[in-house]
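Me: I would like to learn how to read the features of a protein model, beginning with the contacts of a single side chain. Could you take me through them step by step?

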Amino acid sequence: MRAVILLVHRYVGLLLALFLVLAGITGSLLAWNEELEAAISPQLFRVTAPPGAARLEPMLLHARVQVRYPDALVARLPLEFTEGRSVLFALRPLSKGQKLANDQVFVDPYTAHTLGERRWGDVKQGMKNLMPFVYRLHYSLALDVIGTLLFGIVALLWTLDCFVGAWLTLPNRRTSGEPARRWPVRWWQAWKFRRGSAYKISFNLHRAGGLWTWAMLFVLAWSSVAFNLPQVYEPVMKATFAHQRGLESIPKLARPRLQPALPWEQALPAVRRLMAQQAQAGGFAVVAEKALLYDPQRAIYRYDVRSSHDIRHKGGHTRLVMDADTGAFVGLWLPTGAAAGDTLSTWMATLHMAAMWGWPLQLLVCLMGLVVTALSVTGVHVWLKKWRTKRRAGRMATG
């Protein structure tokens, strides 16, 4: 049985190695995505406030961007503000077949001047799309739907292989008469990094490195399934843990409604009022606003804030949904504390994206990307050494 499982681990590992090397290297870079974006394209991300200038109202910025791009829908109103940073507006096509030249606009929050545009992830536009392209490689091999599905399958196999690999580090069953206390001592040998030949170093790094980082490796693998293969992740999690009602439960309209009956100017104070009511009733605090979004597929507004239920250090995933026609409350989604399944998913996704605890977690996730790469490389090296030895032995036997 152990020999069969070892073969499965070996060949599944070989199948995943190239994908995981790519995911590890790009993931290490993405841990510093915000910092690298600003360093690569300061003309888009950084602004200097004129003397005595105050930030313009978000609603005014949104209105001006919509006027400048009449052939697109500005469906998101950013409400989060960082000193010295531009405001990013996303453009959406008005019809299904329409193709926009650019889908992101960077605006100076002090003057409302457009700093630049880009089509997210289109590396042909130059360095300003380098990090979005790295993200596309990390998420889907830059192959969109097919690549997303392929990486989802890789993530699922990786998740299962985490358990297989851990099981293989366990020592064989206790021999007759062996004291029970000896078994943990024997397993401890697998956790040690030891010197030796290049093969032994690779083997020990692969085995011990996987054990010491196992918990974080599992978080990265299973959260990758959540991002890329929700058709597997969600049924498993919902069968195991309780979940809140999500946006997917709100039916789509027969035809998208591009213009909400309730205009943005009325929607913002309305969602603020509803969120304040929900916070008071639920006993939580709203720390900062993130964005107001309009969903033309469902004719709803979604109001995102960072609340005391959030664990992110920026942004926020506490969400309130309001009917875009009547202004009626539709629902509230809390990232933690309301349902065990949502809390677990929030923690895993936040750890995966290094979106909490600041630079220490960014550094950890960056290092984990290098660990994933090293485990893949050492695994291939171990297999290659054994394959060469076996082939050499076969030649000697037939020679």
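Reply: Let us begin with one tryptophan: leaving out residues up to four places away in sequence, Trp 158 touches Leu 16, Leu 20, Leu 217, Leu 220, Ala 221, Ser 224 and Val 372, where contact means heavy atoms within 4.5 Å. Please keep in mind that this is a predicted model, in which local features need pLDDT of at least 70 and side-chain atom pairs count only at pLDDT 80 or more, while totals for chains, interfaces and linings use all residues. Residues are numbered from 1 along each chain as its sequence is written, and side-chain values use heavy atoms, with hydrogens and water left out.

Me: Which residues have the most contacts inside the largest nonpolar core?

Reply: In soluble globular proteins, nonpolar side chains tend to be buried together. A nonpolar core is a set of buried Ala, Val, Leu, Ile, Met, Phe, Trp, Tyr and Cys residues joined through side-chain atoms within 4.5 Å; buried means under 20% relative accessible area, exposed over 50%, and partly exposed in between, using a 1.4 Å probe and protein chains only. Here the largest such core has 32 residues, and Trp 158 and Leu 217 have the most contacts inside it.

Me: Which helices each supply at least two residues of this core?

Reply: They are α1 (2-30), α6 (144-168), α9 (214-228), α10 (230-240), α12 (340-352) and α13 (359-398), and the largest share, 7 residues, comes from α9. Helices (H or I, at least four residues) and strands (E, at least two) are DSSP runs, numbered from the N terminus. Apart from this core lies another, of 23 residues, among them Leu 79, Ala 267, Tyr 294 and Leu 320.

Me: How many salt bridges does the structure hold?

Reply: Side chains of opposite charge can pair when their charged atoms come close. A salt bridge is a side-chain nitrogen of Lys or Arg within 4 Å of a carboxyl oxygen of Asp or Glu, and the structure holds 11 of them. In one, the closest N and O atoms of Arg 272 and Glu 289 are 2.6 Å apart. Arg 272 lies in helix α11 (residues 264-282) and Glu 289 in strand β7 (residues 286-295), so this pair ties together parts that are 17 residues apart in sequence.

Me: Is Asp 304 buried or exposed?

Reply: Asp 304 is buried, with a relative accessible area of 1%, and forms a salt bridge with Arg 302, the closest N and O atoms being 2.7 Å apart.
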